Amino acid sequence: MASRRRQTGDCGGEPAGGDIRAERLRRLPAYLFEELASIRRAREAEGGTVIDLSIGDPDLGAPQVAVEALARYAADPRLHRYSPHSAIEAFSQAACEWMKERYGVDLDPSCELYPVIGTKEGIALLPLATMDPGDLALVPDPGYPVYSRGVSFAGGKVEWMPLEEQHGFLPETGLIEKHRPRLVYLNYPNNPTSAVASEDFYRTAVNAAGRTGSYIVSDAAYSEVAFGGYDAPSILQVQGARERAVEFHSFSKTFSMAGWRVGFVAGNRRMVASLRTLKSNVDSGVFGAVLMAAATVLREGWDAHREMIEEYGVRRAMIFDGLRACGISYHQSPATLYVWARVPGSMGSMEFARKLLEEAGILVTPGLGFGQRGEGYFRISITCPTDEVETAGRRLHEISRAWKGSETWTR
Ligand SMILES: Cc1ncc(COP(=O)(O)O)c(C=O)c1O
């Protein structure tokens, strides 16, 4: 039997001396995907291939202007010190200019916008900066798991907001008035459902938050991953939003710069200031050369961005065609790196993902991984090379033909 290669952080087995994890870690939900990971390892150990359509990790590489700017700025020793104020200022200025040009939103770079070490970091830390133990947050289900983790690490309570297909995967804003939470998480264009929200939806949410004294955390990580001329709105375009909301923007998906760890938070100045204070006690900011290169790409990276979107568009079309050929229904969306599809027949999402991996060598994310209301769905990510996406579409079609007459499909 082939021995399994160990990965960093994987020492194998339980360390001696018992479980020293804090209660907040012990409370984390069990890792759902170990079974899929082990099937994958076994398949690969036997020489089989796996096409990984499970994670949203852009593969196209950062724009050349960003890479060249990083090399240039990295050669400047003044930027080797703790993130210098001049770099933070230059970055914030460029980001504010972009928010103005893209959304018509005027922000003060000194207090209404601040860089984060990737939006995951900012999103995870914001509850520690703005919630007291026992405070309530409304969190989408299905949703990006970091929202509930951040709230629970801060001692807050999570109330789930169902995202249902018949409502376009938008939450009921009446829940804000019902629960009067401290924070409300919105994420459009949405991961995992790929749904989008209108400015009208944001207006209703901001008005509800205004009536209840709640604050909205709008995660716009996928705002620039859009197709067919779709332009995602910003919550900050809505009147009164700056009193009630912040929005997170990420370079990871917009410019395929996930490993660079850079993004920003913008909007309500008290929330921005709270996060900034918390961060000043926890981290020392983004590398100055990365901030400067990110400012450059915001001004000069849009041709490269257009090419990335074209490539993603080709992949999306392949997945859509493949799913249609199999008779699998999916959410028709103009945005994100994901396709949110219905598990065929009456299989659970884990069972479907396991069969797809075992029998077709395709790894997708079971909807259950994003929350209870993700059950019945699976998520396909288009961040893997186009030829592999094409092969996946073909394999999916073949396997569906094999399954169709069987119980698997019709049960
Ligand atoms: C909805 C959503 N928000 C935020 C992030 C984090 O992005 P980053 O930390 O790379 O900016 C992700 C990453 O997958 C995401 O899916």
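Which residues are buried in helix 6? They are Val146, Tyr147, Ser148, Gly150 and Val151, where buried means under 20% relative accessible area, with a 1.4 Å probe and protein chains only.

**Before selecting anything**

This is a predicted model, in which local features need pLDDT of at least 70, side-chain atom pairs count only at pLDDT 80 or more, and totals for chains, interfaces and linings use all residues. Residues are numbered from 1 along each chain as its sequence is written, and side-chain values use heavy atoms, with hydrogens and water left out.

**The whole chain**

The C-alpha trace spans about 60 × 55 × 55 Å along its principal axes. Of the 411 residues, 51% count as buried.

**Helix 6**

Select residues 146-153, which form helix 6. Its buried residues pack against helix 5 (119-130), strand 3 (136-141), strand 4 (157-162), strand 5 (183-186) and strand 6 (215-219). Now select Ser148, which is buried because its relative accessible area is 14%. Leaving aside residues up to four places away in sequence, Ser148 touches Val139, Val158 and Trp160; contact means heavy atoms within 4.5 Å. Then move to Gly155, which follows helix 6 and has a positive phi, near 80°.

**Lys253**

Select residues 251-254 next, which make up helix 10 and include Lys253. Is Lys253 buried or exposed? Lys253 counts as buried, at 14% relative accessibility. Not counting residues up to four places away in sequence, Lys253 touches Gly56, Pro58, Ala221, Tyr222, Val225, Leu337 and Tyr338. Show the side chains of Lys253 and Tyr222, which a polar contact of 3.4 Å joins. Such a contact is a pair of N or O atoms within 3.5 Å; within protein, one must be able to donate a hydrogen and the other to accept it, and residues adjacent in sequence count only if both atoms are side-chain atoms.

Methods:
Buried means under 20% relative accessible area, exposed over 50%, partly exposed in between (1.4 Å probe, protein chains only). Helices (H or I, at least four residues) and strands (E, at least two) are DSSP runs, numbered from the N terminus.
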